[in-house]
Amino acid sequence: MSDLQKTFSIIKPDAVATGKAGRILSLLEDNGFRVVALRMTKLSQSQAEGFYAVHRERPFFGSLVKFMTEGPVIVMALEREDAVKKLREVMGATNPANAAEGTIRKLYAESIERNSIHGSDAPETAAEELKYFFNTIELSQR
């Protein structure tokens, strides 16, 4: 048996506003993810800017921050074997037009930006993103 891995995900404001969060959570659980920690929150501008700081110089940064602060999001710590890679597969391509059938983005995304879900892209990124939203005690709950 390989080791369990944690990853980080956000159900974005578009999916929360349109009532898709429960379906997305079900899809994640159906794909073997265990929810370790979960919280609904509304990101402030500074929280969104800090979280997406890696994109600060990109042309879409301003609109991304505006979108991510427009309504509640659900932040989650998820766990399973090979969690980072598997979440990327279950989410689908960033552009929903290119996403595989049955993936979250193919099913629920509106556009490249309003694409329903964020997931960490590497184990190192997951560790940083998890720390951004959750403390050690929250992440160690069994």
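I first counted the elements and found eight helices and four strands, where helices (H or I, at least four residues) and strands (E, at least two) are DSSP runs numbered from the N terminus. From the N terminus on, I read their order as β-α-α-β-α-α-β-α-α-β-α-α. The radius of gyration, taken over C-alpha atoms, is 14 Å, close to the 14 Å that the globule rule (2.2 Å times the number of residues to the power 0.38) gives for 142 residues, so the protein is as compact as a globular protein of that length.

I noted that this is a predicted model, in which local features need pLDDT of at least 70 and side-chain atom pairs count only at pLDDT 80 or more, while totals for chains, interfaces and linings use all residues. Residues are numbered from 1 along each chain as its sequence is written, and side-chain values use heavy atoms, with hydrogens and water left out.

Next I looked up burial, meaning under 20% relative accessible area with a 1.4 Å probe and protein chains only, and found that buried residues make up 44% of the 142.

Of its 20 residues, Phe8, Ile10, Met68 and Phe134 touch the most other members. Among the elements that give two or more residues to this core are strand S1 (4-11) and helix H4 (61-68), and H4 supplies the largest share, five residues. A second, separate core of 19 residues includes Ile11, Leu25, Leu28 and Tyr108.

Definitions and conventions:
Buried means under 20% relative accessible area, exposed over 50%, partly exposed in between (1.4 Å probe, protein chains only). A nonpolar core is a set of buried Ala, Val, Leu, Ile, Met, Phe, Trp, Tyr and Cys residues joined through side-chain atoms within 4.5 Å.
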